[in-house]
Amino acid sequence: MICTLNFTVEKNEQRSFLKDAYVTQPFRIIPVGQHKSDAHAYLMIMSSSPGILSGDAYEYFIRVKENARLQLQSQSYQRLFNMEASATQKMQITLEKGSSFFFVPHPVVPHKNSRFTSLNRIDMAEDCVLLMSEIITCGRKHHGEVFEFTSFHNLFEVFHRGRLVLKDNILLQPKENDLQTMGMLETYTHQGTLIFSATTDTPSLPGLSDKIQELLEQETDILGGVSRLQHNGLVVRVLGHGGEQLFTLFQNIQELIWNIPG
């Protein structure tokens, strides 16, 4: 089933708001910022489906217009069910001048024999800020499913002025490559990636890497680090044993950056 979510966030003289939205089953998009004191947009993607099924094709089209700020949330863990074929997800995000887009979704849970490909393209104009993350679990760990999915592929590309400035490519095939061997995930069962990218002319957020490293060091039983990008940005990689711990950590990093003035 082809499932489409297409919406635009705009900013008027007072605040950022949901301007236009088009959705098909099983999606809904709702505002969740009623108790926020700022003038930014807070939206949640909701779904009436229990998860992604064989043959599903999810399509997201998101535009954040000039000077608007959007923090997008997910409803719950994303389950990838047992599949005879495969499923795909495509996300196209367009950030106009001076806009911000933050998205820290819940972890992905690939069930036994699932095959999933996710393609993400972000086009950024000048003075934009982007933060996105992904947490991949080993599967239904408490049901004894540990790396029994067939394939998980995530491609993440960021463009500035039409030029590719960041590419992150993750391909996990546990039936072909043992993910628990030395040099792979070893004893860890969950992995997370958080990407921050800005297209400002001057470096912003001084000391951000050190502040994030301090958050990592406060956690127990994880392995993580921060890498600076060639342009203004960074990547956080974390290995752990639980999705909720990594999700909370990424939420804390998101709030750290979201609440920095300017």
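Modeller: Ala57 has Thr88 in E8 as its bridge partner. Strands here are DSSP runs of E, at least two residues long, numbered from the N terminus. The model is predicted, so local features need pLDDT of at least 70, side-chain atom pairs count only at pLDDT 80 or more, and totals for chains, interfaces and linings use all residues. Residues are numbered from 1 along each chain as its sequence is written, and side-chain values use heavy atoms, with hydrogens and water left out.

E5 and strand E8 (residues 87-95) run parallel, joined by eight bridges. Two strands pair if DSSP finds at least two bridges between them. Ile62 stands opposite Ile93 in E8.

Now turn to E1. Strand E1 (residues 2-11) pairs with strand E5 (residues 57-64) in the parallel sense, over eight bridges. Thr8 has Arg63 in E5 as its bridge partner. Such pairing runs through backbone hydrogen bonds, either parallel or antiparallel.

Step back to the whole sheet. It is open and has seven strands, in the order E2-E1-E5-E8-E11-E13-E14. The pairing is mixed. Strands E2 (16-23) and E14 (163-172) stand at the edges. Each has a single partner strand, so one side of each is left without a neighbour in the sheet. Neighbouring strands of this sheet are turned by 10 degrees against each other on average, direction ignored. For that angle, axes are lines fitted to C-alpha atoms, and angles run from 0 to 180 degrees between N-to-C directions.

Methods: Helix = DSSP H or I, 4+ residues; strand = E, 2+ residues; numbered from the N terminus.
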